[in-house]
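Please examine the sequence and the structure below. The paragraphs that follow then lead from single residues to the protein as a whole.

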Amino acid sequence: MVSTVAAASLAPGGTAGVGGFVSGLTLCAVVAGVAAVVSLGLVPPGRPAAAFVGHGHGH
């Protein structure tokens, strides 16, 4: 998806320069921001209960 946006600036009829790459990286930043906001809703609040691990010599 990002390469499609970036490649638009390299097409013969496209605008020359790095404009497509800037747009592609902006798209990545927006998607990362949306993913961060969505993850806040998926992770339950608080800390998980501590599990007893023991001290390692078998009793």
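A residue is called buried when its relative accessible area is under 20%, exposed when it is over 50%, and partly exposed in between. These terms are applied here to a predicted model.

Consider Val38, which lies in helix H2, the element formed by residues 19-42. Is Val38 buried, partly exposed or exposed? Its relative accessibility is 47%, and therefore Val38 counts as partly exposed. Val38 also contributes to a nonpolar surface patch of about 480 Å², together with Val30, Val34, Leu42 and Val43.

Ser3 belongs to helix H1, which comprises residues 2-7. Ser3 counts as exposed because its relative accessibility is 54%. Between Ser3 and Leu25 there are 22 residues of separation in sequence, and their C-alpha atoms are 9.7 Å apart in space.

The view may now be widened to the whole protein. Its secondary structure consists of 2 helices and 0 strands. Of the 59 residues in the protein, 7% are buried. The protein exposes about 5000 Å², and 74% of this area is supplied by carbon and sulfur atoms.

Notes. Residues are numbered from 1 along each chain as its sequence is written. This is a predicted model: local features need pLDDT of at least 70, side-chain atom pairs count only at pLDDT 80 or more; totals for chains, interfaces and linings use all residues. Side-chain values use heavy atoms; hydrogens and water are left out. Patches are made of residues with over 30% relative accessible area and no salt bridge: like charges are joined within 9 Å, nonpolar side chains (Val, Leu, Ile, Met, Phe, Trp, Tyr) within 5 Å. Accessible areas come from the Shrake-Rupley method with a 1.4 Å probe; for residues, only the protein chains shown count as cover. A salt bridge is a side-chain nitrogen of Lys or Arg within 4 Å of a carboxyl oxygen of Asp or Glu. Helices (H or I, at least four residues) and strands (E, at least two) are DSSP runs, numbered from the N terminus. Buried means under 20% relative accessible area, exposed over 50%, partly exposed in between (1.4 Å probe, protein chains only).
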